[in-house]
Amino acid sequence: MEKVELQPDIYWVGAVDWAIRNFHGYITPRGSTYNSYLIMDEDVTVLDGVKLDHADTQIMRINRYVEFDRIKNIVVNHIEPDHSGSLGHLVKLAPQATLYMTEKGRKGLSRFYDTSAWNIKLVKTGDTLSTGKRTLLFVETPMLHWPDSMMSFAKEDGILFSQDGFGQHIASAQRFDDEFAERASWAELEDAVWDYYANILMPFGSIIKRKIGEIRKLGLDIRMIAPVHGIIWRKDPGWVVKAYLDMAGGKADERAVVIYDTMWHGTRKMAHSIVEGVREEGLDVKVLDLKATPVSEAVKEFWRARGVLIGSPTLNNTMMPKVGEFLTYLKGLRPKNRILGAFGAYGWAGGAVKEILEMGRNMGLETVEPGFQVNYRASAEDEAEGFEFGRGFARRLREYHRNFS
Ligand code: FEO
């Protein structure tokens, strides 16, 4: 079994989930990992559990270094079941251990599991735990991304155990950013960071900015960031912190994404002429058919681009269900700093385009109105109009993007 050392006597004891493709509806084509860490100090300390069906792997990895009767502390940075699923097993093997968590963590865990026999100690920001030669400092991070969430900082080693924050859903043979960049691809890692932020953290941009500011004020010398999913940032943890601040501040590429569903290909045909218009203005554009694209992937592409054009034919006076699913998911993520346009074919009465624009307005997005509608199938004249619609949208996008440069 591989030995992964972050710093002398601090080990990764997590599990790689090569198979997972659907993470409670969030599609994860790269798989994921559930990272857990072991500090081999005078008081042996485990940080975080793993998903229940990977508990055996975590236990085996821990046993590679230590017997369970030597474990003194278990730190629970986050209680979501992908990180708390194995805790019951750990407590059974190490009943002497004390579990450290926030008050919200205790309350939440008692709803998931029978914790009546667990030795729980509550912590809050500024509390510390000495493990012997080392000190762990706790920092509460409520709503990043659950109410219970906290991070733990190993002072002497400069490691921030950041639970979900700065994570990515990537299963790989590499554990560290520099290894992944060398043997896989930095672009893939960057894309996974955007994907994770878009799907998990998009609603919490202002909390992220505030919390990073608070952590900076604490003057912590962060030399490594060890999240509970994916790659550990040891070469350049500052890169991912900056990426988070940029995303929270409204960063996006000056380009468009077209996201649509279609019935008899009328709306798809419209998308093509609109795309030509966008490209004519010199903007890059991606096109996603929601029948072939998971909503979580579409949300990531939405998040990476400054502008989105959403297409739907009208079905029973409203938008197609897949477009409704995308917009409902997006609404929950409380997007900001993006510009939205809408288009679609209709038969006897429209409705979809109006509704898409209304949803965009209600989400607080900048909308380009009116949308573009075509009866049944675009004629040559309609295609010319679609081309101009695309050009007009691209110009508005450029103008809007200037607010962020
Ligand atoms: Fe990876 Fe919020 O759990």
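Start with the second largest pocket, whose lining residues divide into seven nonpolar (Ala, Val, Leu, Ile, Met, Phe, Trp, Tyr, Cys and Pro), three charged (Asp, Glu, Lys and Arg) and five polar (the others, Gly among them). The model is predicted, so local features need pLDDT of at least 70 and side-chain atom pairs count only at pLDDT 80 or more, while totals for chains, interfaces and linings use all residues. Residues are numbered from 1 along each chain as its sequence is written, and side-chain values use heavy atoms, with hydrogens and water left out.

A pocket here is an open set of points, on a 1 Å grid over the protein atoms alone, where a 1.4 Å probe fits, with protein on both sides within 12 Å along at least five of seven lines; lining residues have an atom within 4 Å of a point.

Select G205, S206, A248, K336 and N337, which lie nearest the centre of this second largest pocket among its 15 lining residues. Next colour α7 (205-217) and α8 (237-248), each of which supplies at least two lining residues; helices are DSSP runs of H or I with at least four residues, and strands are runs of E with at least two. Because domain 1 (5-248) and domain 2 (257-397) both give residues to the lining, the second largest pocket lies between them, the domain bounds coming from an automatic or database assignment.

Then move to the largest pocket and select M263, T314, Y346, G347 and Y376, which lie nearest its centre among 17 lining residues. The elements giving two or more residues to that lining are α9 (266-280) and β20 (339-346). By class, the lining of the largest pocket has nine nonpolar, seven polar and one charged residues.
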